[in-house]
Amino acid sequence: MNKYLLLIVLPVVLFSCKSKKVSLAVNDESVNISDFLESFQPLQLPYEVTDTILRRKDPETTLINTGLFVRFVPDSILPRLFGKETRVRLYAIGRIRVPDAENYLFVKGIGRDRRILYILCFDKKNRFAAARPVLYSDNEPGVTGKVDMDNKYTLTLLHQRKASDGQVFYHRDAYVFAEGTGFSLILTESNEGKPKIAPVYDPIDTLSHKHRYSGDYAQDKRNLVSIRDGRDPSRFLFFVHFEKNGGTCKGELKGEAKFVSPGVARYRSYSDPCAIEFTFIPEGVSLKETGGCGVHRDIPCFFEGYFERKKAPRGVQKAHHN
């Protein structure tokens, strides 16, 4: 009798041990991708959450070790918005599983100055497939955010802004996941109307430009780099404005950069993780974003590319050689 009872109980015990959730708080080499996914609590559809989740205190049992996280998720995901900050705390919010298909994980990241909710997608073979930030703690005053996933696994992001007259404006984007393409935008709605395209204003245009690299660089009228003299020859002031993807992805930044070698200068801000490298040649300048400048641009695009030097007006050319 005891022999038969053992045969019944043993498989149950083994199954229970196998299905027990592992701790994500330590970088245990024995944890595999299946363990990682199963450790997220299941979420019921439709799932909806507002940006108040970014301010709530999460239990330490949901903490994810950063080293463990980057074993399964590309290590470029966090620096895009947190820059070189190394003390980002990650929390497992939950998982939505599509039967016989992909898994969606919601992960909250907390840094020194900002908090972000991400959605991560792993395909049916448990391979990382896509990631997208969906909620931010640094929205402008009066702006609130909400994200939801419906029963058809459509991801919807909603931002609302209350105007001074009490009117509420909204912008809604809907996405679906497809293998090979990631999250694709399928719908955009807004009651704000199509804004007028304002000319690009260069706030440093009238400043001195006698340094050899000072001047105007551009790809076209809405993608430009303005370089002006700094406080000494080793520094310069700059203004960058770009618009990519038909104007749907924009960025703008003004600051001071310092030369680190002949023809190469770097911008690094102490107030945010943004960093940019400038490489000059006589015909133009190339930009490369080396630190997370997400607060100065839209998420899918970066401060990068080559800008050709524009010929200065005749009077300015003379001043340049004096």
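Biologist: Which pattern do the disulfides of the protein chain follow, with bonded cysteines counted along the chain?

Modeller: This is a predicted model, in which local features need pLDDT of at least 70, side-chain atom pairs count only at pLDDT 80 or more, and totals for chains, interfaces and linings use all residues. Residues are numbered from 1 along each chain as its sequence is written, and side-chain values use heavy atoms, with hydrogens and water left out. The structure holds two disulfides, a disulfide being a pair of cysteine sulfur atoms within 2.5 Å. Counted along the chain, the bonded cysteines give the pattern 1-4, 2-3.

Biologist: How many residues apart are Cys249 and Cys301?

Modeller: Cys249 and Cys301 form a disulfide with their sulfur atoms 1.8 Å apart. Cys249 belongs to strand E14 (residues 249-261), whereas Cys301 is in the loop between strand E17 (284-291) and strand E18 (305-309); strands (E, at least two residues) are DSSP runs, numbered from the N terminus. The pair thus links distant parts of the chain, 52 residues apart.

Biologist: Is the disulfide of Cys249 and Cys301 left-handed or right-handed?

Modeller: The torsion about the S-S bond of Cys249 and Cys301 is about -90°. With this torsion, the disulfide is left-handed.

Biologist: Are Cys249 and Cys301 buried or exposed?

Modeller: Buried means under 20% relative accessible area, exposed over 50%, and partly exposed in between (1.4 Å probe, protein chains only). Cys249 has a relative accessible area of 1%, and Cys301 has 3%. Because both values are under 20%, Cys249 and Cys301 are buried.

Biologist: What is the handedness of the link of Cys274 and Cys293?

Modeller: A disulfide joins Cys274 to Cys293, with an S to S distance of 2.0 Å. The angle about the S-S bond is 85°, and the link is right-handed.

Biologist: Which parts does the pair Cys274 and Cys293 tie together?

Modeller: Cys274 has a relative accessible area of 0% and is buried, and Cys293 is likewise buried at 0%. The pair ties together parts that are 19 residues apart in sequence. These parts are the loop between strand E15 (264-268) and strand E16 (275-281), with Cys274, and the loop between E17 and E18, with Cys293.

Biologist: Which residue in E9 is the bridge partner of Arg161?

Modeller: Strand E8 (residues 155-162) and strand E9 (residues 168-178) pair in the antiparallel sense over eight bridges; two strands pair if DSSP finds at least two bridges between them. The bridge partner of Arg161 in E9 is Phe169.

Notes: Helix = DSSP H or I, 4+ residues; strand = E, 2+ residues; numbered from the N terminus.
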